[in-house]
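Dear colleague,

I am passing on the structure below, followed by notes on what was found in it. Please read the notes with the structure open beside them.

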Amino acid sequence: MFVWGESEGELGINFDHIWQKTLTVLNPLKPADGSIMNETDLAGPILFCVALGATLLLAGKVQFGYIYGMSGIGCLGIYALLNLMSSSGVSYGCVASVLGYCLLPMVILSGSAVFFSLQGMIGTVLALVIIVWCSLSASKIFISALDMEGQQLLVAYPCALLYGLFALLTVF
Amino acid sequence: MHPAGSAAGTPRQPSKRRIPVSHLGMADPHQLFDDTSSAQSQGYGAQRGPSGLGYPTASASPQAAFLADPVSNMAMAYGSSLAAQGKELVDKNIDRFIPVTKLKYYFAVDTLYVGKKLGLLFFPYLHQDWEVQYQQDTPVAPRFDVNAPDLYIPAMAFITYVLVAGLALGTQDRFSPDLLGLQASSALAWLTLEVLAILLSLYLVTVNTDLTTIDLVAFLGYKYVGMIGGILMGLLFGKIGYYLVLGWCCMSIFVFMIRTLRLKILAEAAAEGVPVRGARNQLRMYLTMAVAAAQPLLMYWLTFHLVR
């Protein structure tokens with residue numbers, strides 16, 4: 001009698017929005033629409049975190065504790081910074097959601113770590129490119145959602161530090 | 001139960017319509033759950049039949065039936081009001097310990113300001129005017145004046161210093177993640193000690209300055225930029241690179257601190273640049289020199305163990 005909702009609205013997961021946000025992340029050079037962050041959803045980010053953990057596991061590193069710890073503290077730091085830097089505040093869920101979405105390129109990096117070791121020059125360059133990609137996407141979304149002008153690089157830098165930590169975890 | 005329910009909850013979800021149990025004339029409204037164990041339920045179901053037409057108009061989703069139950073509605077309303085209260089409590093308490101609006105001034109920066117300030121930290125010798133511009137008694141936001149102190153650069157520099165220290169230890173195979181925590185705590189402890197020492201000496205010298213604590217933290221945090229430069233050069237080029245860059249950054253931060261603090265501590269006389277007379281002003285000058293001289297020392301102390 002109690003049928004599990006077959007349409008997405010039942011579970012509260014809007015697959016179309018998830019796909020749109022993913023596309024925004026995958027193309028860091030296209031300007032983002034400010035309204036995509038109006039509903040905070042954590043389904044995509046959780047999926048990406050699990051994917052990251054899974055690919056790390058495949059590469060032989062079992063470090064879920066560090067992933068959770070680092071993401072929690074990093075999100076908190078960026079939440080504090082964005083609240084202080086922007087004129088309108090931002091909720092913790094929104095920050096976690098954006099950072100989680102922009103973790104997608106990192107999943108690509110750790111996926112490639114399964115096939116070849118990243119400790120050489122190629123690995124370092126690839127890691128740097130992925131870090132820049134992640135932080136540019138994240139800062140682009142934050143800037144458009146919070147309406148901050150002239151601060152994209154300033155927002156990108158702490159995001160780059162956070163993603164750099166993830167990259168360290170992946171490479172070493 | 002109903003009056004209590006409607007009184008406790010203020011924001012209701014408009015999309016989920018509540019169907020009060022009593023209106024459909026079904027079970028006892030004080031019953032907390034549907035009793036499906038006996039024939040009572042048959043009567044329940046039978047009575048539901050004719051008014052089942054009312055259900056599709058209520059909501060198409062099966063969750064509405066669950067939420068139509070007044071208990072869960074009340075629980076949800078209570079939960080959301082509790083969350084709102086909790087958030088209010090946290091905000092109020094945070095405001096007591098951390099002056100958020102004052103801090104916001106120090107983070108009103110943009111990329112151009114940060115670029116210029118970093119340039120000033122590495123090469124302060126050509127900058128002429130160190131005075132902060134005022135606008136109707138309040139200092140102008142850092143965005144508009146490169147002389148104004150900000151907290152973005154010190155905060156980022158501090159975090160980067162901890163990470164770069166971790167990196168340096170990692171290349172020497174002395175890294176473990178708890179070492180990062182240790183580095184962070186010890187750097188924070190040194191910073192706190194420094195701030196307290198300077199505040200104490202300002203108090204003892206009975207100087208009236210408009211140098212607030214947050215300003216002081218900002219100024220003391222600028223040296224981390226030079227430290228990061230030194231460590232990175234040390235990683236790339238060994239001890240020679242480290243000493244060269246650190247030496248340069250020490251000189252720059254010394255000049256920077258003197259020129260900035262002079263305006264804050266030696267307020268009246270420094271504006272004209274005339275030699276100051278009197279014991280009080282001399283004391284202030286010594287204090288400024290001491291603070292500025294402490295910076296290079298601390299820069300060396302906090303980085304030499306990281307570069308081999």
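Helices (H or I, at least four residues) and strands (E, at least two) are DSSP runs, numbered from the N terminus.

Please bear in mind that this is a predicted model, in which local features need pLDDT of at least 70 and side-chain atom pairs count only at pLDDT 80 or more, while totals for chains, interfaces and linings use all residues. Residues are numbered from 1 along each chain as its sequence is written, chains are lettered from A and ligands numbered from 1 in the order in which they are written, and side-chain values use heavy atoms, with hydrogens and water left out.

The residues of helix 2 of chain A that are buried are I18(A), K21(A), T22(A), T24(A) and V25(A). Seen down the axis of helix 2 of chain A, these buried residues fall within an arc of 155° (taken from the directions from the helix axis to the C-beta atoms), so they line one face of the helix. On the other side of helix 2 of chain A, F15(A) and W19(A) are exposed.

**Chain A as a whole**

Chain A has eight helices and zero strands, and 47% of its 172 residues are buried. Among the contacts in chain A with a separation of 6 or more, 73% are accounted for by residues 24 or more positions apart.

The UniProt annotation "transmembrane region", from an unreviewed entry, covers residues 42-59, 66-86, 98-118, 125-146 and 152-171 of chain A; such annotations may be inferred rather than shown by experiment. In the model, residues 152-171 of chain A are 100% helix and 0% strand, with end C-alpha atoms 27 Å apart, and residues 42-59 of chain A are 89% helix and 0% strand, with end C-alpha atoms 26 Å apart.

Definitions and conventions. Buried < 20%, exposed > 50% of the residue type's maximum accessible area, 1.4 Å probe, protein only. Contact = heavy atoms within 4.5 Å.
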